[in-house]
Amino acid sequence: MSASIFKKVCQISLGTTLSILGITTGNSAFAATIFDNGTPDLETAWLSDFAQVEQKADDFTLSVGNNTISNIQWWGVYVGMEGFDNTPTEPDDFTVRIFEDAEGSPSVNPLMEMNLGDVGRVATGDKLYEFFDIFEYQVNIPQLTLTPNTTYWLSIVNNTIADPDDDWYWLTSAAAQGNSYYRFDDSESWSELNQFDSELGGDLAFQLSNDSAQVPEPASVLGLLALGTLGAGSVLKRNCKRKS
Ligand SMILES: [Ca+2]
Ligand SMILES: [Ca+2]
Ligand SMILES: [Ca+2]
């Protein structure tokens with residue numbers, strides 16, 4: 001069965017608020033989220049690591065006019081086989097794949113695959129079960145345009161073979177769709193993640209964005225206007241000086 005994160009070990013109610021919502025890279029002021037599968041709900045996380053021979057995938061659909069992806073963001077933790085560790089010293093080695101839908105689950109062979117390697121992890125300051133540091137990952141990809149109003153599946157798999165005492169787990173989100181899929185090998189079909197335990201969240205935390213061709217946010221527009229006014233003022237001053 002699918003390996004879950006030691007769910008009985010730490011049934012601790014977490015009062016920590018999600019401060020991760022505001023943590024993004026410098027490009028984010030112009031990013032438009034085109035699909036939001038949710039930020040971490042701090043409930044649990046699911047193994048997605050080639051080193052432990054398990055993959056996860058979750059579904060997404062893009063709307064008309066918002067169907068070009070240029071940025072992917074997701075969240076995860078590092079956990080040992082015995083349930084502890086939390087020492088992610090190895091470079092990450094992420095593979096992102098997108099699958100077409102095959103009657104409600106991901107197809108066997110990906111539509112496309114990107115070996116992203118180490119995208120740079122950022123500690124959010126939040127912890128899962130008050131122990132495991134939650135990391136955010138964000139990467140820009142070449143623009144990828146998909147068919148709108150069509151179900152696809154995003155699979156994010158790390159490879160922590162270089163770290164014997166930690167494996168990578170993809171955090172769940174509180175999104176409403178409620179399902180995701182897993183498999184153990186590239187050649188096999190996928191199975192629904194939460195069929196064994198419907199109490200555990202089946203959605204995985206990720207967001208898809210398009211960083212290009214966005215309308216600037218109001219603050220940026222104001223900044224540009226202020227800059228323009230400043231420029232005009234300077235020209236005016238110079239002209240006055242020449243006249244006097
Ligand atoms: Ca380690
Ligand atoms: Ca490992
Ligand atoms: Ca889902």
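Guide: A residue is buried if 20 or more other C-beta atoms lie within 10 Å of its own, exposed if 12 or fewer do, and partly exposed in between, with C-beta atoms placed from the backbone. What you see is a predicted model, where local features need pLDDT of at least 70, side-chain atom pairs count only at pLDDT 80 or more, and totals for chains, interfaces and linings use all residues. Residues are numbered from 1 along each chain as its sequence is written, while chains are lettered from A and ligands numbered from 1 in the order in which they are written.

Visitor: Thanks! How many helices and strands does the protein have?

Guide: Helices (H or I, at least four residues) and strands (E, at least two) are DSSP runs, numbered from the N terminus. By that rule, the secondary structure of the protein comes to one helix and 14 strands.

Visitor: Which residues of strand S12 are buried?

Guide: Strand S12 spans residues 180-183, and both of its faces are covered. On one side the buried residues are Ser-180 and Tyr-182; on the other they are Tyr-181 and Arg-183.

Visitor: What stands opposite Tyr-182 in S13?

Guide: Two strands pair if DSSP finds at least two bridges between them. Strand S3 (residues 55-61) runs antiparallel to S12 and is joined to it by four bridges, with Lys-56 having Tyr-182 as its bridge partner. S12 is also joined by two bridges to the antiparallel strand S13 (residues 191-192). There, the residue opposite Tyr-182 is Ser-191.

Visitor: And in S10, which residue is the bridge partner of Thr-95?

Guide: Strand S10 (residues 151-157) is mostly covered, with six of its seven residues buried. S3 pairs with S10 in the antiparallel sense over five bridges, and Ala-57 stands opposite Ser-155 there. Strand S5 (residues 94-102) pairs with S10 too, in the antiparallel sense over six bridges. For Thr-95, the partner in S10 is Val-157.

Visitor: Is Phe-135 buried or exposed?

Guide: Phe-135 belongs to strand S9 (residues 132-145). Two residues are in contact if their C-beta atoms, placed from the backbone, lie within 7 Å; not counting residues up to four places away in sequence, Phe-135 touches Trp-75, Gly-76, Arg-121, Val-122, Ala-123 and Thr-124. Because Phe-135 has 21 C-beta neighbours inside 10 Å, it counts as buried.

Visitor: Why does Ser-212 count as it does, and what is its class?

Guide: Ser-212 lies in the loop between strand S14 (206-210) and helix H1 (218-243). Leaving aside neighbours within four places in sequence, Ser-212 is in contact with Ser-70 and Gln-143. Because Ser-212 has 14 C-beta neighbours inside 10 Å, its class is partly exposed.
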